[in-house]
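Colleague: I'm new to this one. Could you show it to me and let me ask how you know what you say about it?

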Amino acid sequence: MKGRPFRERLGFALSGLRAAWAREASFRTHLGFTAAVLIALLALRPAPIWWALVAITVALVLALELLNGAIEGVIDRLHPDHHREIGIAKDMLAGAVLVAALAALGVAGAMVVDTLEIFR
């Protein structure tokens, strides 16, 4: 796979995004929240630093959701039977997404407070 042209590698990445959309309800949910966040940014018109912080946290949540789905897919393929340790590993993956999503909510809350000048 090494040494392939950029266009081909980009195709693989886009194929992965399409697969996540088709297979992962959580990924679709996070994309829905991303659309809502974009609408909020357009409505509130915060300072550019907030756009950057929100973009980073949204990208982190989506990236972790992609990793979660990919790793769970490999785990399920290699070990389709239920196993306690595999369940714990999958729960930890979901926990990573949750932590990032909570951080994104914290950034969103701080942005709203700052933009609307609440508590000033």
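This is a predicted model: local features need pLDDT of at least 70, side-chain atom pairs count only at pLDDT 80 or more; totals for chains, interfaces and linings use all residues.

Colleague: Which residues meet where H2 and H3 touch?

Modeller: On the H2 side they include Phe27, Leu31, Val37 and Leu41, and on the H3 side they include Trp51, Val54, Val58 and Leu62. The residues of that contact divide into 12 nonpolar, 3 polar and 1 charged.

Colleague: What makes Asp76 and Lys90 a salt bridge?

Modeller: Their side chains meet at 2.6 Å, N to O. The limit is 4 Å, so the pair qualifies. Asp76 lies in helix H3 and Lys90 in helix H4 (residues 84-115), so the pair ties together parts that are 14 residues apart in sequence.

Colleague: Why does Asp76 count as partly exposed?

Modeller: Its relative accessibility is 37%. Buried means under 20% and exposed means over 50%, with partly exposed in between, so Asp76 counts as partly exposed.

Colleague: How many salt bridges does the structure hold?

Modeller: It holds 3. Another one joins the side chains of Arg4 and Glu8, at 2.5 Å from N to O. Arg4 is partly exposed at 34%, and Glu8 is partly exposed at 31%. Then Arg84 pairs with Glu85, with the closest N and O atoms 3.4 Å apart; the cut-off is 4 Å, so that is a salt bridge as well.

Colleague: How do you know whether Arg84 is buried or exposed?

Modeller: Arg84 has a relative accessible area of 60%. The mark for exposed is over 50%, so Arg84 is exposed. Glu85, at 47%, counts as partly exposed.

Colleague: What makes up the largest nonpolar core?

Modeller: That core has 9 residues: Ala20, Phe27, Leu41, Trp50, Val54, Val58, Leu62, Val107 and Met111. H2, H3 and H4 are the elements that give two or more residues to this core, and the largest share, 4 residues, comes from H3.

Colleague: What does Trp50 touch, leaving out residues up to four places away in sequence?

Modeller: Trp50 touches Val107, Ala110, Met111, Asp114 and Thr115. Val107 and Met111 are also listed in the core with Trp50.

Definitions and conventions. Residues are numbered from 1 along each chain as its sequence is written. Side-chain values use heavy atoms; hydrogens and water are left out. Contact means heavy atoms within 4.5 Å. Ala, Val, Leu, Ile, Met, Phe, Trp, Tyr, Cys and Pro count as nonpolar, Asp, Glu, Lys and Arg as charged, and the others, Gly among them, as polar. Buried means under 20% relative accessible area, exposed over 50%, partly exposed in between (1.4 Å probe, protein chains only). A nonpolar core is a set of buried Ala, Val, Leu, Ile, Met, Phe, Trp, Tyr and Cys residues joined through side-chain atoms within 4.5 Å.
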